[in-house]
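User: I would like to go through this model with you, starting with the overall picture and then moving to some details. Could you take my questions as they come?

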Amino acid sequence: MVENNRNKSQCIFCGKIVSGGITRLKEHLAHKKGQVSSCPSVSGEVRELMMKHLKDYSKKQEDKRKRHEELKEQIRATQCDEEYEFAAFNNNNDDSDPEMTIARQESVRMQYEQEERQRFQNRTGGRYHVGGSSGAGEIEVDLHRSKGQKQSKLSSRFLKEAKQKLGRAVSQFVLYTRLPSNTVNSPWLEPMLDVAREVGKGTKLPSSNEVADVYLPKECEAIQKWIGSLKTTWEERGVSIMCDGWSGPRRRHLVNFLVYSNRGTVFHKSIDATNVLSRTVDYYFGLMDKVVEEIGEQYIVQIITDNEVAMKAAGKKLMEKRPHLYWTACAAHCIDLILEDIGEKKNVKAVLEKAKKVTRFIYNYNWVVNYMKNYTDGRDLLRPVITRFATNFITSESLVRYKIGLKDMFNSTEWKATRYARMQRAKEVRDILESKDFWTKAADILKVQEPLVKVLRLVDGDRKPTTRFIYEAMDRAKMAIQNDCRYYAEYWRIIDRRWAIQLHTDLHAAGYFLNPIYKYGGNLSNHREVMNGVRKVIMRLLPDLNEQVEAINQIRHATRRSDEESDDHFNPINLDYIFDEDDPLAKWLQEEEHAILDDVDNSEWLDTGDTQNPQHVDLSENSSSGGRGLSPFGSGSADDDGPNG
């Protein structure tokens, strides 16, 4: 990047500065004509790689367009079926009245002609002929105005009033039914209104019972057919099964199973395990094994769960029974456990406890919270609703960011005149904020946490599959900690204890090897553990011996070419290639409305023991725990090239 501007980059081959984003740079390297000049110095290998990137992007856009068309076609087909049923019903009941039959046929003919005119207009924007093929009676209708022609004021006013009338009716439905405002963006809304216009006034809406008992089964049947159509893709590229546990009020416990492929995630089934007295290894093994049978072992590359001891043992037992699939631990949960382990260190825990003491005091009193915002640009210190995993980091980061403002707050004349300033706990908080040792240690802890939270941000997202990135991302996080922390070795031991056992798998090594970003960054044949992981994945996923030999030979050939053509000066392996945003934590750290009251994980940062003050914030009733989330994309999920990366 040039001058930290993502829309301006410099080619390292020829030195040309390219404006317009990363796509223009790819076109420059790929020698694609039209938008930007071609690079005269790019290597043939990189040129081919860039051309492939551009073609893949175009294919994704085309696939997205096709899926949208499929959805519209599905909606249209559903409507046609209902129209046929409606017409058949009328034919069966109105045969005795020929005049009604003629009127109905004339109405259908007029509606058909109107739709044909509209389709022709959308397709050509031209003129439409109504009537005979030639001679008298032929009328030529202009379907659009010329540039210099103005529409009549009467027609314009009528359209404006009609739009306002429709807008208000739809808005009332959304607002008074307490639906989200983005309901109007639903792809199902316009087709519904089109059908309402077709059937006309007087047609009754379905009752709630009809929606649940008549139309819901029809939709379920249609969705099942659609899922069945995906199995062609599943057979070609494989799928990942995600097992997601959720705990809610009244000790309710659900286990959800989802199927992930390059066409998206599909819900498979949900198991209510609330009344299961002992959720043992055999219990979880039975659930997973049954799901594998239901979906088909031949489609499955891996099954992903959290790192609970029983789940882990059940996953390994499943691998013993099913020799051609993997069990993989959730990457987000694993990194969360690393952050928790770091938080349990004696010196880290002491700093976090002091930080909690500050937030507990401030958020115990509404007036204090509102007064604090005068010194924090209107921002909150607690925003754990954005993520369940990194509450400690987000709150510590907020305290360090608003260090000066918080110190000014507790030293202001207005604060000293309040009754809150005379409280013993307020004096303790002020002493913490005036302590140089606290701020120094808090900043040091952030240097350890931030690289890990960046990786967590990567694997906890649901937009970009990350199997192919996590291997390198964890190494880069460790290097960042080494550069910024004098006692990095101690933190490395904590990371390796979780990383080596739970997250350092053959699948991640294979994803790293097959990622073209890293192919040109160094001599991969020297990475013995990576190559061993690739071989193990090939031997496990390909049951046929001949296919194994062919795949391994292809890997060796590709590795030799990479070694011969690698450029020591070209090293794209850094976290900037992993994150889309300039600041990968921006969305986690931004303010959200009522964030404090929306999530129960705030409880340890809030003091709920003071009941004497009427302005005290008590969240003790909101004690139900949300589900422990699972990040499939960071634990070996499919990317654009298939489930293994």
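User: What percentage of the residues count as buried?
Analyst: In this predicted model, 37% of the 645 residues of the protein count as buried.

User: What share of the contacts comes from residues 24 or more positions apart?
Analyst: Among contacts with a separation of 6 or more, 64% are accounted for by residues 24 or more positions apart.

User: Turning to helix packing, at what angle do α10 and α17 pack?
Analyst: Helix α10, residues 331-343, packs against helix α17, residues 436-459, at an angle of about 165°, and their axes are 9 Å apart. An angle over 145 degrees counts as roughly antiparallel, so α10 is roughly antiparallel to α17. The crossing of these two helices is left-handed.

User: Which residues make that contact?
Analyst: From α10, the contact involves Ala331, Ala332, Ile335, Ile338, Leu339 and Ile342. The α17 side contributes Val448, Gln449, Leu452, Val453, Val455, Leu456 and Val459.

User: What about α8 and α9, how do they pack?
Analyst: Helix α8 (residues 281-295) and helix α9 (residues 309-321) pack at about 50°, with their axes 8 Å apart. The two helices are therefore oblique to each other. Their crossing is right-handed.

User: Which residues meet there?
Analyst: Val281, Asp282, Tyr284, Phe285, Met288, Asp289 and Val292 in α8 meet a set in α9 that comprises Ala310, Met311, Ala313, Ala314, Gly315, Lys317, Leu318 and Lys321. The contact of α8 with α9 has ten nonpolar, one polar and four charged residues by class.

User: Changing topic to the backbone, what is phi of Arg178?
Analyst: Phi of Arg178 is near 60°, a positive value in a residue other than glycine. Arg178 lies in the loop between α4 (153-176) and α5 (189-199).

User: Is Arg178 buried or exposed?
Analyst: Arg178 has 75% relative accessibility; the cut-off for exposed is over 50%, so Arg178 counts as exposed.

User: And where is Asp377 found?
Analyst: Asp377 is in the loop between α12 (366-372) and α13 (391-401). Asp377 also has a positive phi, about 55°, although it is not a glycine. With a relative accessible area of 68%, Asp377 is exposed.

Notes
Residues are numbered from 1 along each chain as its sequence is written. This is a predicted model: local features need pLDDT of at least 70, side-chain atom pairs count only at pLDDT 80 or more; totals for chains, interfaces and linings use all residues. Side-chain values use heavy atoms; hydrogens and water are left out. Axes are lines fitted to C-alpha atoms, for helices over the stretch in contact, and angles run from 0 to 180 degrees between N-to-C directions. Helices (H or I, at least four residues) and strands (E, at least two) are DSSP runs, numbered from the N terminus. Angles under 35 degrees count as roughly parallel, over 145 as roughly antiparallel, 65 to 115 as roughly perpendicular and the rest as oblique. A crossing is left-handed if the near helix is turned anticlockwise from the far one by less than a right angle, and right-handed if clockwise. Contact means heavy atoms within 4.5 Å. Ala, Val, Leu, Ile, Met, Phe, Trp, Tyr, Cys and Pro count as nonpolar, Asp, Glu, Lys and Arg as charged, and the others, Gly among them, as polar. Buried means under 20% relative accessible area, exposed over 50%, partly exposed in between (1.4 Å probe, protein chains only).
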